[in-house]
Amino acid sequence: KSANPQWREQFDFHYFSDRKDMLDVEVWRKDNKKHEELLGTCQVDITALPMKQTNCLELPLEKRPGSLLMLIAVAPCTGVSISDLCVCPLGDPSERQQISQRYCIKNSFWDIKDIGFLQVKVLKAVDLLAADFAGKSDPFCVLELGNDSLQTHTVYKNLNPEWNKVFTFPIKDIHDVLEVTVFDEDGDKPPDFLGKVAIPLLSV
């Protein structure tokens with residue numbers, strides 16, 4: 001019941017150079033669970049923002065009254081990567097040796113914040129739930145560690161998808177839990193939940 005809402009929420013996105021450079025923002029109103037109405041949209045050109053500083057932006061909504069006030073900071077993304085199985089970051093022996101040296105006991109106090117990193121190979125899923133009327137699903141997999149979130153591509157019309165992707169996360173808290181969730185892509189609608197597993201880092 002407000003024309004001037006304040007959310008004060010923070011979201012972290014991983015921005016890779018092969019992605020599009022525009023951040024799309026939508027503002028919606030909700031009367032009840034069934035009725036929703038789009039109040040306006042706006043776009044932010046990420047490439048036009050200065051790096052390593054917080055940018056305060058007041059963005060007018062396109063073709064609708066009102067504006068959106070946002071704070072956006074673009075910072076280098078360290079330690080996070082997505083790659084194919086055939087070019088696995090730890091597959092290179094010289095890189096493995098560098099990592100072993102970086103985390104050996106004598107270098108424990110060299111960088112206190114550098115706890116380590118987690119590499120996850122997402123190979124495939126088997127016998128997923130059929131979410132579509134045709135008896136199939138369009139599954140993709142989301143990995144979350146702390147407030148880092150990465151996802152695979154969607155494999156369409158398949159209950160036994162193969163993704164074969166390698167994800168690398170920096171570890172900021174050894175007590176974090178890796179959450180792996182499988183969803184069914186459903187066009188413009190929110191994705192359907194197909195299953196989830198949680199893996200505490202301390203159990204690895």
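Modeller: Helices (H or I, at least four residues) and strands (E, at least two) are DSSP runs, numbered from the N terminus. Before going on, note that this is a predicted model, where local features need pLDDT of at least 70, side-chain atom pairs count only at pLDDT 80 or more, and totals for chains, interfaces and linings use all residues. Residues are numbered from 1 along each chain as its sequence is written, and side-chain values use heavy atoms, with hydrogens and water left out.

Biologist: Into which domains is the chain divided?

Modeller: Domain bounds come from an automatic or database domain assignment. Here they give domain 1 (22-74) and domain 2 (81-203), with C-alpha centres 29 Å apart.

Biologist: How do I read a sheet, and what is the strand order in the open sheet of three strands?

Modeller: Two strands pair if DSSP finds at least two bridges between them. In this open sheet the order is S5-S9-S6, and the pairing is antiparallel. Strand S5 (81-84) and strand S6 (116-124) are the edge strands, each pairing on one side only. S5 meets strand S9 (residues 162-171) over four bridges, and Asp84 stands opposite Lys165 in S9.

Biologist: What about aromatic pairs: how many does a search of the whole structure find?

Modeller: Rings of Phe, Tyr and Trp (its six-membered ring) pair if their centres lie within 6.5 Å; planes under 30 degrees apart count as stacked, over 60 as edge-to-face and the rest as tilted. The search finds three pairs. One of them joins Phe183 and Phe193 edge-to-face, at 6.4 Å centre to centre and 75° between the planes. Phe183 is in strand S10 (residues 177-184) and Phe193 in strand S11 (residues 192-200), ten residues apart. Together with Phe140, these two form one aromatic cluster.

Biologist: Why does Phe193 count as exposed?

Modeller: Buried means under 20% relative accessible area, exposed over 50%, and partly exposed in between (1.4 Å probe, protein chains only). Phe193 counts as exposed because its relative accessibility is 52%.

Biologist: Which value does phi of Lys52 lie near?

Modeller: Phi of Lys52 is near 60°, a positive value in a residue other than glycine. Lys52 sits in the loop between strand S2 (36-45) and strand S3 (54-60), and counts as exposed at 66% relative accessibility. Asp127 also has a positive phi, near 55°. Asp127 lies in the loop between S6 and strand S7 (139-145), and is exposed, with a relative accessible area of 64%.
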